[in-house]
Amino acid sequence: MCTGKCSKFIGISLYPFCFISIICNILLLFPGWKVDAVQDPETKLTPEVLYLGGLMGSGVMVLIPAIYIQCTGKRGCCNNRCGMFLSIILAAVGVIGGLYGVVVSILGLINGPRCLYQFINGRIDWVIPFKIDLEYLNLERSYLFHKEVWTRCVEPSGVVEFNIILFSTILASSIIVLVLCAIQMLNGLFGCICGTCRNKE
């Protein structure tokens with residue numbers, strides 16, 4: 001496969017993962033499928049949701065390079081050594097976006113959601129419960145391995161599963177776009193040095 005065709009394939013492959021990340025990040029703004037959290041984000045939304053790792057990171061920061069990377073695979077002004085050089089720079093932006101999405105998603109999974117939590121002593125409060133000392137919550141390790149404590153999040157309903165599924169999806173998408181953009185950086189380098197297949201077609 002020549003460098004131009006490879007760029008076109010990578011560009012097209014990036015689109016679905018960008019859109020998945022954007023959609024998941026938007027859905028995270030509505031925990032329990034309610035709009036209350038958006039109206040009071042500082043009290044009811046998880047900080048990692050507001051970092052927009054899926055929307056800006058593996059979403060917009062990858063979508064713009066994806067459009068250009070796809071263009072380098074078509075006949076025209078982008079399908080040359082200079083176009084391939086620019087694709088390396090834009091693919092690097094995509095790598096940074098993907099990396100940002102990965103880091104924010106991992107933090108979102110580690111810290112857990114913000115919810116109306118019922119503590120062992122009966123107290124109920126809006127907190128990020130699983131970020132608190134595990135001994136205080138009577139847990140030996142991460143909440144991810146203690147499904148029984150998820151029900152202590154009274155509101156929004158099912159917020160723990162909601163967060164885990166969506167952050168995991170953003171994490172997977174971010175890893176894939178990071179790898180694809182890194183491959184494009186190498187492909188762009190080969191295209192820059194050896195040229196595209198434009199003259200051979």
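## Terms and model

A residue is called buried when its relative accessible area is under 20% and exposed when it is over 50%, with partly exposed in between (1.4 Å probe, protein chains only). By that rule, Cys6 counts as buried because its relative accessibility is 16%.

This is a predicted model, in which local features need pLDDT of at least 70 and side-chain atom pairs count only at pLDDT 80 or more, while totals for chains, interfaces and linings use all residues. Residues are numbered from 1 along each chain as its sequence is written, and side-chain values use heavy atoms, leaving out hydrogens and water.

## The disulfide

A disulfide is a pair of cysteine sulfur atoms within 2.5 Å, and the structure holds one. Its partners are Cys115 and Cys153, with sulfur atoms 2.0 Å apart. The pair links distant parts of the chain, 38 residues apart: Cys115 sits in strand β1 (residues 115-118) and Cys153 in strand β3 (residues 153-155). Strands (E, at least two residues) and helices (H or I, at least four) are DSSP runs, numbered from the N terminus. Both Cys115 and Cys153 are buried.

## Cysteines without a partner

Let's return to Cys6, which is in no disulfide; the nearest cysteine sulfur, that of Cys2, is 8.5 Å away. Cys82 is in no disulfide either, and this residue is exposed, at 53% relative accessible area.

## Nonpolar cores

A nonpolar core is a set of buried Ala, Val, Leu, Ile, Met, Phe, Trp, Tyr and Cys residues joined through side-chain atoms within 4.5 Å. The largest has 23 residues, and Cys153 is among those touching the most other members. Its largest share, eight residues, comes from α7. Another core, of twelve residues, lies apart from it and includes Cys6 and Cys181.
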